[in-house]
Amino acid sequence: MFYEKLTRIYHETECDKYFSESILKSFDKFVRKSVLERNKYINPYRFARQVELPIEDSIRFLMYFTNDNGILNIFMFFECSTSTCVSTRIFFNMEYKDEIIACDECGKEYVFEDIIDFTKVYFQIKPDLHVPPPEEEFISHDRNSTIEILRRLPDNLKNASPPSFSSSNKSIDEGGIEVAISTKLVINQNTHDNRPINQKFPSPFQRLSNRLVGRGKI
Ligand SMILES: [Zn+2]
């Protein structure tokens with residue numbers, strides 16, 4: 001069922017025009033594995049490595065699955081510059097029609113175009129989505145490193161900090177730096193035959209037309 005859903009999106013969005021079905025199959029396994037590992041977010045870098053695509057293409061592929069009937073939510077966020085703000089990440093809707101984003105905590109307002117270089121994007125697997133576990137042979141053992149560490153811990157207690165702790169990237173996948181992608185990189189990939197893949201997300205075309213409209217008003 002899940003794979004059928006992916007296949008439907010793959011054809012409906014014309015993703016099939018640019019990406020092979022073997023990439024779709026890898027994506028199916030990748031999402032199942034991510035859910036099994038309780039990762040909230042898709043890691044586009046990890047996916048790119050797995051399917052041996054450049055990161056740009058990996059992001060463009062993911063964009064096809066971010067529409068309303070897709071399987072991924074896309075969030076933009078940035079960090080408020082006010083040092084007293086506790087919750088550093090400000091999430092905002094991708095329909096940034098007024099182009100002003102305010103910090104809930106201090107009320108400071110930002111113009112999207114000014115802060116775009118500092119904003120980032122998360123690809124979240126829709127929380128209400130039913131994703132079955134991966135095929136048995138696909139379950140990788142590298143993510144069991146946490147269990148490995150716990151098992152080894154008594155021996156390593158003498159050492160202040162086992163190196164395996166720093167190499168475990170579980171916390172990174174839970175919302176750290178590696179899974180967040182530069183917004184500009186994502187905007188530049190939101191294109192399919194001279195139109196945006198995701199109409200609600202900024203695209204090179206929209207940004208250009210906004211600028212032209214802005215100039216027209218002056
Ligand atoms: Zn603030």
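**Notebook: zinc site and a helix pair**

I started at the metal: with angles of 103 to 118° among its four donor atoms, the zinc ion sits in a tetrahedral site. For four donors, tetrahedral means all angles lie between 85 and 135 degrees. This is a predicted model, where local features need pLDDT of at least 70 and side-chain atom pairs count only at pLDDT 80 or more, while totals for chains, interfaces and linings use all residues. Residues are numbered from 1 along each chain as its sequence is written, and side-chain values use heavy atoms, with hydrogens and water left out.

Next I looked up the donors. C80, C85, C103 and C106 each coordinate the zinc ion through SG, at 2.3 to 2.4 Å. A donor here is an N, O or S atom within 2.8 Å of the metal (3.2 Å for Na, K and Ca). I wrote down their sequence spacing as C-x4-C-x17-C-x2-C. C85 is in the β2 (72–79) to β3 (89–92) loop and C106 in the β4 (100–102) to β5 (109–111) loop, so this pair ties together parts 21 residues apart in sequence. Strands are DSSP E runs of at least two residues, helices H or I runs of at least four.

Then I checked accessibility. C85 is buried at 8% relative accessibility, while C106 is partly exposed at 36%. Buried is under 20%, exposed over 50%, partly exposed in between (1.4 Å probe, protein chains only).

Last, the helices. I found α3 (residues 44–51) packing on α4 (residues 55–63) at about 110°, axes 9 Å apart. That makes the two roughly perpendicular, a label covering 65 to 115 degrees. Axes are lines fitted to C-alpha atoms over the stretch in contact, and angles run from 0 to 180 degrees between N-to-C directions.

Definitions and conventions
Angles under 35 degrees count as roughly parallel, over 145 as roughly antiparallel, 65 to 115 as roughly perpendicular and the rest as oblique. Four donors count as tetrahedral if all angles lie between 85 and 135 degrees; four count as square planar and six as octahedral if opposite donors are over 155 degrees apart and all others between 65 and 115; anything else is irregular.
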